[in-house]
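Have the sequence and the 3D view at hand.

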Amino acid sequence: MQDKFYGILYGERFSDKEQSAYAVAHSLISGKDLLGARVTPETLSEFIKKKEFDGLIVSPEFGKTVMPLVSKTSPAARACGAVDTIVKMPDGRLYGENSSAFALSYIIEKVHPDPIEKCIVLGAGTDAAALKYIQSIKKPYFSEIVTVTEKGRNNFSNIGLHTDATLLINTLGTELPFSLDGLPLLRAVIDLNLNPIATPLVLAARARGIEATNGIPFAAAKILAANSLFFGVEADIDILAPVEAAIFSKHMSITLISTDESLAAAVAPRLSEAIGKKSFDIPSVIAKLYGKSLDEIKQLEGPKSNEFDRSLRVAVTWAGKKSGSVLVMPSDVTEKREYRAMLASNGPIIGIVRPDEDGYELERFCDLLVQIGSADEADIAVEAIRAELQI
């Protein structure tokens, strides 16, 4: 008997990180691999009509397009105007669901369990429509939902009109076009983006002591809802915590910094081997890119020179976008606090110091300090990092 086909239907706009997150979640929830089916707008209709699948997760770029191609849709799909999950029914017809309402309900109750007076949602797409659908079926959980867009009546420039909002949900990109200082009553922030792990919005919220989460719980809950539909079983939300942890662990990068770069350089390959991530020695990358090391640039041009600053910024920007890796960064990055946010966007920053070293500056910049006497003790640092991060 041929195995049933459960897969993800995606196109050019669905990132590798999103595909990876969905695959990890599906594997842990169902015990099966999530197969991939790549289509274009031109081949989408033919693929659906062939029905050579039993269940599909549909990437957002095709959510509206596939809706007319299924025989029956759920109330949530109709309210959102899009389908993100398709299952082939016993009679061969296709049923379309939208799991965003389920996923949003889960993540909202996780970060803001109390009734919400006012929720601001950034964006007016299908996820925003899912939020309105939740409001219609869960009254009086939301008293008011305000949709904010770039140029709408409620926009980024007049966000201060909504100082009484307690929840902010971002369905747009990763930029933060306004300050959270204008929303003093915020209790929770949800950013549905997966990349980077900690967006500027999430970092800004956490800096203010506001509960904040990224799109990992949202993605995990969507896959749970899809599997519930595929296999006809009740969704068990208790499984989501380990699923979210697994997605985070896979996508997380770990940045290592030491004033003696030989320490971080020794720890990085041992750590990458232990946890199955690639390692990158950024000072070496810079040397290959510019034909001279950061120290040489500093000595030739000075630590405040444009060339030194430019080369360091290029390195930090690249590292801040690199997920699922172990990164060695030069200690010069600690001189600018703005670099911390860029590096922390994809995971923790670990400082490595000698026992007799004053690690105050590193401690201010890093999430964790690990002490080792020399590069020969790299394995001790690896065990300490793994224990602290539980990986």
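## Backbone, helices and sheets

Gln390 sits in the segment after α15 (378-389). Helices here (H or I, at least four residues) and strands (E, at least two) are DSSP runs, numbered from the N terminus. The model is predicted, so local features need pLDDT of at least 70 and side-chain atom pairs count only at pLDDT 80 or more, while totals for chains, interfaces and linings use all residues. Residues are numbered from 1 along each chain as its sequence is written, and side-chain values use heavy atoms, with hydrogens and water left out.

**Two positive phi values**

Gln390 is a residue other than glycine, yet its phi is positive. Lys51 also has a positive phi and is not glycine. Lys51 lies in the loop between α2 (44-50) and β3. Burial follows relative accessible area: buried is under 20%, exposed is over 50%, and partly exposed is in between (1.4 Å probe, protein chains only). The table sets out the two residues.

| Residue | Phi | Relative accessible area | Class |
|---|---|---|---|
| Lys51 | near 60 degrees | 31% | partly exposed |
| Gln390 | near 55 degrees | 72% | exposed |

**Helix α4**

Helix α4 covers residues 100-111, which makes 12 residues. From first C-alpha to last, α4 reaches 16 Å. That is close to the expected 16 Å, where the expected span is 1.5 Å times one less than the number of residues. Is α4 mostly covered or mostly open? It is mostly covered, with 9 of its 12 residues buried. Among the buried residues are Ala103, Leu104, Tyr106, Ile107 and Val111.

What do the buried residues of α4 pack against? Their partners include helices α5 (126-137), α7 (216-231) and α8 (240-251). Strands β9 (167-170), β10 (188-191) and β11 (211-213) are partners too.

Two packed helices are described by the angle between their axes and the distance between the axes. The axes of α4 and α5 come within 9 Å and cross at roughly 75 degrees. Axes are lines fitted to C-alpha atoms, for helices over the stretch in contact, and angles run from 0 to 180 degrees between N-to-C directions. The two helices, α4 and α5, are therefore roughly perpendicular to each other (65 to 115 degrees; under 35 is roughly parallel, over 145 roughly antiparallel and the rest oblique). In their contact (heavy atoms within 4.5 Å), Ser100, Ala101, Leu104, Ser105 and Ile108 of α4 meet Asp127, Ala130, Leu131, Tyr133 and Ile134 of α5. By class, this contact has 7 nonpolar, 2 polar and 1 charged residues. Nonpolar covers Ala, Val, Leu, Ile, Met, Phe, Trp, Tyr, Cys and Pro; charged covers Asp, Glu, Lys and Arg; the others, Gly among them, are polar.

An open sheet of 5 strands runs in the order β8-β7-β9-β10-β11, with parallel pairing. Strands pair if DSSP finds at least two bridges between them. β8 (145-148) and β11 stand at the edges with a single partner strand each, so one side of each has no neighbour in the sheet. The twist averages 15 degrees from one strand to the next. Inside the sheet, 4 bridges join the parallel strands β9 and β10. Leu168 stands opposite Val189 in β10. Helix α4 packs on this sheet and touches β9, β10 and β11; its direction makes about 150 degrees with that of β10.

A cis peptide bond joins Asn195 and Pro196, with omega about 0 degrees.

**Antiparallel strands**

Strand β3 (residues 55-58) and strand β5 (residues 85-88) run antiparallel, joined by 3 bridges. Leu56 has Ile86 as its bridge partner in β5. β5 also pairs with β6 (residues 94-97) in the antiparallel sense, over 4 bridges. Here Lys88 has Leu94 as its partner in β6. β5 and β6 form a hairpin with 5 residues between them, and Gly92 in the turn has a positive phi of about 90 degrees.

Where is Ser331? It lies in the loop between β14 (325-329) and α13 (337-344). Ser331 is buried, with a relative accessible area of 19%. Leaving aside neighbours within four places in sequence, Ser331 is in contact with Ile257, Ser258, Thr259 and Glu261.

Helix α12 (residues 306-321) has 16 residues and reaches 23 Å, close to the 22 Å expected. Its buried residues include Phe308, Leu312 and Val316. Their cover includes α10 (282-290), α11 (294-301), β14 and α13.
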